[in-house]
Amino acid sequence: MNLFDVYPLYPITPVKALDCIITDDKGIEYLDLYSGHGVISIGHTQPYYVAKVKAQLDNLSFYSNAIQNPLQVELADKLGKLSGYTDYSLFLCSSGAEANENALKMASFHTNKSRVISFDNAFHGRTSAAVATTDNKKIIAPLNAQQIVTFLPLNQIDLVEAELKKGDVCAVIIEPIQGVGGLDQGTTEFFQALEKVCKANDVVLILDEVQSGFGRSGKFFAHQYHDIKPDIICMAKGMGNGFPIGGILIAPHFEASYGLLGTTFGGSHLACAASIAVLDVIESQNLMENAKKVETYFMEAIKVIPEIIKVKGRGLMLGVEFDFDVSALRKKMIIEKHIFTGGSSNKNLLRILPPLTITTEAIDTFIVALRESLAELK
Ligand code: PLP
């Protein structure tokens with residue numbers, strides 16, 4: 001049987017990895033500055049994490065959500081403490097799109113309305129129920145036949161307010177830092193005004209932290225730079241360091257009822273053990289501080305490359321923008337310099353999303369390789 005061919009593949013076969021280094025089947029070592037779309041938060045095969053997951057596998061990997069699971073309680077407790085959201089509730093699922101689906105569903109139930117506001121170049125997942133496109137202005141039919149999505153430009157609060165005043169909007173969904181779309185961000189002024197207009201119009205504010213959350217920005221959630229409190233926060237990628245787990249944090253004013261949300265796989269014993277281990281390591285190794293430290297170093301060190309027209313992002317969710325398509329550069333970095341970086345829907349942007357354990361020495365290695373590659377491509 002063939003694999004359904006939907007991914008263009010680089011000719012590399014990784015077989016093992018440790019921290020920020022990936023080794024392929026020929027023994028070649030690669031520096032991982034992409035962590036598989038920001039999934040590897042605490043480094044590959046982190047020993048404490050591996051031990052926790054293995055121990056859980058030996059005991060019990062899965063049972064039903066209808067039976068008590070103390071690991072979910074432990075995860076919620078640790079997550080509340082580390083994020084500062086102790087008064088919110090946690091619902092667990094298995095991916096980013098599923099987290100967003102559940103958030104939109106909650107918003108729809110809560111307001112009895114269905115239209116969703118999203119932003120140009122946003123990316124919230126690929127299921128039909130998540131607002132699912134970087135193809136602006138396209139209307140997706142999600143949760144039910146009536147639910148449509150209106151895309152607006154970032155940082156234009158008057159346009160948002162005009163839409164909310166129409167009275168048919170259930171939610172505004174926004175990434176604090178756009179991932180797939182190319183690392184644009186709203187200003188603090190915009191986020192604070194968004195919080196205000198959502199409240200004033202009884203619209204649910206959903207922060208999609210699927211890529212930016214779990215310490216990647218240097219704070220637990222990237223929206224915490226803007227001093228706002230969303231109604232629902234969506235998480236996934238870095239949450240399980242490779243084990244599929246997602247979730248939403250739900251503000252106290254939402255009421256739970258039996259059957260309102262549900263999932264088979266979400267919050268399994270194994271998934272919870274993985275995510276608890278991630279939180280333990282983020283805390284014990286001060287990885288949020290490391291993200292900030294390495295960001296500061298990166299911002300200074302990258303100045304030696306005159307071809308870069310803009311550095312975007314925050315913490316270890318960064319991008320460097322050129323005035324040309326970076327696909328050849330990215331390919332050269334991987335195949336010849338053995339460094340993984342990422343692309344985005346902005347073809348001129350090279351994305352840097354290393355594990356949060358990355359060192360300043362690794363950034364030096366990247367900058368030397370980037371300089372050489374740019375010279376060789378001239
Ligand atoms: N939301 C954001 C911000 C994302 O970056 C992604 C994936 O890239 C998703 C949602 C979808 O997550 P998943 O692929 O786990 O469904």
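**Entry 1: surface and charge.** I looked up the accessible surface of the protein and noted about 17100 Å², of which 54% belongs to carbon and sulfur atoms. I was working with a predicted model. For charge, I noted 34 positive and 42 negative charges in the protein. Their mean positions lie 2 Å apart.

**Entry 2: overall form.** I recorded 10 helices and 14 strands as the secondary structure of the protein. I then compared the radius of gyration, 21 Å, with the 21 Å that the globule rule gives for 378 residues; the two values are close, so the protein is as compact as a globular protein of that length. Along the principal axes, I found that the C-alpha atoms fill a box of roughly 55 × 55 × 45 Å.

**Entry 3: burial and contacts.** I noted that 54% of the 378 residues are buried. I also looked at contacts with a separation of 6 or more, and found that residues 24 or more positions apart account for 74% of them.

**Entry 4: Glu 29.** I located Glu 29 in strand S3, which covers residues 29-32. Is Glu 29 buried or exposed? I recorded a relative accessible area of 53% for Glu 29; exposed means over 50%, so Glu 29 is exposed. Setting aside neighbours within four places in sequence, I listed the contacts of Glu 29 as Ile 21, Ile 22, Thr 23 and His 338. I also checked Lys 337, which is 308 residues from Glu 29 along the chain. The C-alpha atoms of Glu 29 and Lys 337 are separated by 10.0 Å.

Technical notes
Residues are numbered from 1 along each chain as its sequence is written. This is a predicted model: local features need pLDDT of at least 70, side-chain atom pairs count only at pLDDT 80 or more; totals for chains, interfaces and linings use all residues. Side-chain values use heavy atoms; hydrogens and water are left out. Helices (H or I, at least four residues) and strands (E, at least two) are DSSP runs, numbered from the N terminus. The radius of gyration is taken over C-alpha atoms; the globule rule is 2.2 Å times the number of residues to the power 0.38. Buried means under 20% relative accessible area, exposed over 50%, partly exposed in between (1.4 Å probe, protein chains only). Contact means heavy atoms within 4.5 Å. Accessible areas come from the Shrake-Rupley method with a 1.4 Å probe; for residues, only the protein chains shown count as cover. Lys and Arg count as positive and Asp and Glu as negative; His and the chain ends are not counted. The place of a charge is taken as NZ of Lys, CZ of Arg, CG of Asp or CD of Glu.
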